Amino acid sequence: MADHNDQNLTPSDLLLAETQSWNQLYFFIEHVTLKCALQLGIPNAITKHGKPMTLSKLMSSLSISPSKYPYFHRLTRILVRYGLLILQKHEDNNVDDGDDSKGYYSLAPTDRYIMKDGPWNSMEDQDSFFFKAWNCLGDWFRNEDPSKFYTAYGDLFWTKLSRDTSSGNWFHANMARDSRSFMNVLIGNEFKDVFKGLTSLVDVGGGTGTVAMAITKKFPDMKCIVLDLPPIVANLQGSENLEFVAGDMFQKIPAANAVLLKSILHDWNDEEFVKILKNCKDAITRSGKVIIIDMVMENPELDDEAFQAQLFIDMLMMVFLGSKERNKKEWEKLFFDAGFTSYKIILTLGLRSVIELYP
Ligand SMILES: C[S@@+](CC[C@H](N)C(=O)[O-])C[C@H]1O[C@@H](n2cnc3c(N)ncnc32)[C@H](O)[C@@H]1O
Ligand SMILES: COc1cc(O)c2c(=O)c(O)c(-c3ccc(O)c(O)c3)oc2c1
């Protein structure tokens with residue numbers, strides 16, 4: 001008798017279901033093999049070599065014994081499948097599988113981003129910190145904790161980061177890399193006049209000031225304040241037009257023409273989101289604006305790969321902060337709940353959009 005699950009499936013359906021279940025079950029192997037590539041130093045070895053490498057040359061540069069060739073070839077094969085490495089076939093296509101003259105390996109653009117200066121590439125040294133929050137995610141759906149991170153650590157994410165210097169420094173260094181990368185693209189788009197005409201701006205939750213420094217370099221007449229928690233800005237030195245201010249955005253935001261919120265609002269639930277925006281509204285002049293840099297989910301401008309990346313970050317927000325990424329309708333509702341009258345999505349750069357909000 002057919003298993004009750006199979007009764008409506010044709011043989012080809014069953015075989016397709018088998019393939020799908022194997023892919024879903026072993027999806028984690030993509031992460032494991034990427035981590036293995038990082039651990040071995042494959043991308044950096046290829047970058048250092050300066051041109052495509054044969055497998056043997058790559059292995060000797062990594063001090064991997066030739067006896068491991070048959071296995072190492074299979075690791076690089078899956079990295080090519082994921083698009084992390086590119087294999088340039090040897091012009092003689094009759095070479096055997098695993099034959100060293102099979103071809104030359106180079107880094108795909110993805111690798112260059114992750115390895116050269118991309119954010120979050122040093123997860124290695126935060127393995128336990130990062131993965132402990134993800135373990136046994138199902139437990140969180142059966143408790144009342146504000147986030148899985150809280151279940152794992154008994155602390156909120158920002159509280160833990162302010163108490164754990166090593167993880168805090170690692171996090172803020174990665175956020176700075178993320179900001180440097182994003183601002184390079186935004187500057188490349190001539191900032192789209194987002195900061196034009198402003199004489200003062202507060203970067204709320206501006207971290208170690210990467211965004212503010214990029215703005216003040218481009219607009220030297222603008223006065224910028226970076227508002228962040230005391231442990232973050234305590235030892236940071238400002239400049240003639242850049243000041244670091246320790247404070248709490250839930251209490252008060254310094255007055256300015258405009259307020260910038262990059263990767264802030266997706267950290268907070270709806271009630272906290274509205275509270276932050278109400279404080280922003282109190283801080284800006286009547287002719288001022290709030291500039292938001294964050295993700296707009298279900299954005300028709302984005303392809304399926306970008307949508308999947310947004311879903312991953314949405315899971316990250318849920319697990320680490322108990323917060324969420326929002327679609328346009330969700331953003332709009334909270335803008336109006338906070339007392340703003342209009343907004344404009346200025347442009348979308350990769351996964352994130354630049355939104356202007358008017359009092
Ligand atoms: C995800 S980081 C974004 C940093 C920066 N905007 C960027 O995009 O690189 C969130 C920032 O909010 C800051 N933050 C958290 N709670 C805050 C509060 N109550 N008041 C001010 N800043 C806060 C954190 O210290 C952190 O720097
Ligand atoms: C502690 O370990 C990790 C490891 C990670 O890989 C990430 C990560 O990738 C990430 O985007 C973020 C993140 C958190 C809040 C934000 O507002 C934001 O824009 C990004 O945090 C992380 C924390």
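Because the model is predicted, local features were considered at pLDDT of at least 70 and side-chain atom pairs at pLDDT 80 or more, whereas totals for chains, interfaces and linings use all residues. Residues are numbered from 1 along each chain as its sequence is written, chains are lettered from A and ligands numbered from 1 in the order in which they are written, and side-chain values use heavy atoms, with hydrogens and water left out.

The domain assignment, whose bounds come from an automatic or database source, divides the protein into domain 1 (11-115) and domain 2 (164-358), with 37 Å between their centres when these are taken over C-alpha atoms. An unreviewed UniProt entry lists residues 134-340 as "domain: O-methyltransferase C-terminal", an annotation given in the numbering used here, under a shortened feature name, that may be inferred rather than shown by experiment. Over residues 134-340 the chain is 45% helix and 19% strand, where helices (H or I, at least four residues) and strands (E, at least two) are DSSP runs numbered from the N terminus, and the end C-alpha atoms of this stretch lie 36 Å apart.

Strand E4 (residues 223-228) is largely enclosed by the rest of the structure, because five of its six residues are buried, a term that denotes under 20% relative accessible area, with exposed meaning over 50% and partly exposed in between (1.4 Å probe, protein chains only). Strands are taken as paired if DSSP finds at least two bridges between them; E4 is joined by five bridges to strand E3 (residues 200-204), in parallel, and by five bridges to strand E5 (residues 242-246), also in parallel. Ile225 of E4 stands opposite Val202 and opposite Glu243 in E5.

In helix H3 (residues 42-49), the residues Ile42, Pro43, Ala45 and Ile46 are buried. Seen down the helix axis, the buried residues of H3 fall within an arc of 165°, taken from the directions from the axis to the C-beta atoms, and therefore line one face of the helix. Just after H3, Gly50 adopts a positive phi of about 85°.

The structure holds zero disulfides, a disulfide being a pair of cysteine sulfur atoms within 2.5 Å. For Cys280, the closest cysteine sulfur is that of Cys224, at 14 Å, which is too far for a bond. Cys280 is buried, with a relative accessible area of 0%, whereas Cys136 counts as exposed because its relative accessibility is 53%.
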